[in-house]
Amino acid sequence: MNIPNRITISRILLIPIFMVIMLVDFGWGDMTLFGAEMPVRHFVGGLIFIIASLTDWVDGYYARKYNLVTTFGKFLDPLADKLLVSAALIILVELEFAASWIVIIIISREFAVTGLRLVLAGEGEVVAAGNLGKIKTTAQILAIAALLLHNTIFALVNIPFGEIMLYIALIFTVWSGWDYFYANRRGLLASK
């Protein structure tokens, strides 16, 4: 297994650590950071989420720079993204930081596109992430990080940045999902 794929797997391994820190009260107390009050575990969980998200950029950069792009990596990388984002969004619903209907739409789209990829993979086609998908992922990560960190910095000027980014992420989620299905409609309809 090459280094980019190992980095991707490290992202997957960070997910249960992130979940335990966010959901279990270790009695670490509260803190204030740039105008935002939050439990310390939310701060630590938010940092783990950000680090895990940054590995997405690192593995992709490393794979392209050293020509280490593999079919396994094309499949594993978006799967790791979906697992991380889905876990974080469900936790945000649990914490009442995100509306469940938004999270249902986002996760449903992720399942639908993953299903599309599996069908096309059966036909020998690998669907890599497109530009709209990358924008969607970036918007989702910014929204989740801001919400996990209680809108720190933006709380100083009373701007609900995380909530705004979540709606932007929702728009790009639906748009990019439509784009994937439209661009691959012939392959999907021709599949056996």
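**Stop 1: the largest cavity**

Select Phe75, Pro78, Leu79, Lys82, Thr114 and Arg117. These residues line the largest cavity. Its volume is about 40 Å³. Keep in mind that you are looking at a predicted model. Which elements give two or more residues to this lining? They are H3 and H4. Colour H3 first. H3 gives the most to the lining of the largest cavity, with 4 residues. In total, the structure holds 2 cavities of 30 Å³ or more.

**Stop 2: the largest pocket**

Now turn to the open space. The largest pocket has a volume of about 840 Å³. Its lining counts 34 residues. To find the centre, select Asp56, Arg64, Asp77, Asp81 and Lys134. Of the lining residues, these five lie nearest the centre of the pocket.

Next, colour the helices. H1, H2, H3 (71-94), H4 and H5 each supply at least two residues of the pocket lining. Which helix gives the most? Pick H2: this helix gives 9 residues to the lining of the largest pocket.

**Stop 3**

The side chains of Arg11 and Asp56 meet in a salt bridge, with 3.6 Å from N to O. Now trace the chain from one partner to the other. Arg11 lies in H1 (residues 3-23) and Asp56 in H2 (residues 40-65), so the pair ties together parts that are 45 residues apart in sequence.

Are these two residues buried or exposed? Arg11 has 0% relative accessibility, so Arg11 counts as buried. Asp56 has a relative accessible area of 18%. Buried means under 20%, so Asp56 is buried too.

**Stop 3: Glu110 and its partners**

Select Glu110 and show the side chains around it. How many salt bridges does the structure hold? The total is 7. Two of the listed pairs include Glu110.

Take Arg109 as one partner. In the salt bridge between Glu110 and Arg109, the closest N and O atoms are 3.0 Å apart. Both Glu110 and Arg109 are buried.

The side chains of Lys136 and Glu110 meet in a salt bridge of 3.1 Å, N to O. Lys136 lies in H5 (residues 131-148) and Glu110 in H4 (residues 100-122), so this pair ties together parts that are 26 residues apart in sequence. Lys136 is buried, as is Glu110.

Before you move on, select one more group: Arg11, Asp56, Asp59, Asp77 and Asp81. Salt bridges that share partners join these residues into one network.

**Stop 4: the hairpin**

Switch to a cartoon view. Select strand S1 (residues 30-33) and strand S2 (residues 36-39). The two strands run antiparallel, and 4 bridges join them. Which residue of S2 is the bridge partner of Met31? Select Met38 to see the partner.

Now look at the turn. S1 and S2 form a hairpin with 2 residues between them. Phe34 sits in the turn and has a positive phi of about 50 degrees.

**Stop 5**

Zoom in on Leu156. Leu156 is placed in the loop between H5 and H6 (161-183). At 56% relative accessibility, Leu156 counts as exposed.

**Stop 6: two asparagines in loops**

Stay in the loop between H5 and H6, and select Asn151. Asn151 has a positive phi of about 60 degrees, although it is not a glycine. Is Asn151 buried or exposed? Its relative accessibility is 10%, so Asn151 counts as buried.

Asn67 is exposed, with a relative accessible area of 68%. Show both asparagines together to end the tour: Asn151 is buried, whereas Asn67 is exposed.

Technical notes:
Residues numbered from 1 in each chain as written. Predicted model: local features only at pLDDT ≥ 70, side-chain atom pairs only at ≥ 80, totals over all residues. Heavy atoms only, no water. Salt bridge = Lys/Arg side-chain N within 4 Å of Asp/Glu carboxyl O. Buried < 20%, exposed > 50% of the residue type's maximum accessible area, 1.4 Å probe, protein only. Pairing = 2+ DSSP bridges. 1 Å grid on protein atoms, 1.4 Å probe; cavity = no way out; pocket = protein on both sides within 12 Å on 5 of 7 lines; lining within 4 Å. Points joined across faces, edges and corners; volume = space filled by probe spheres on them.
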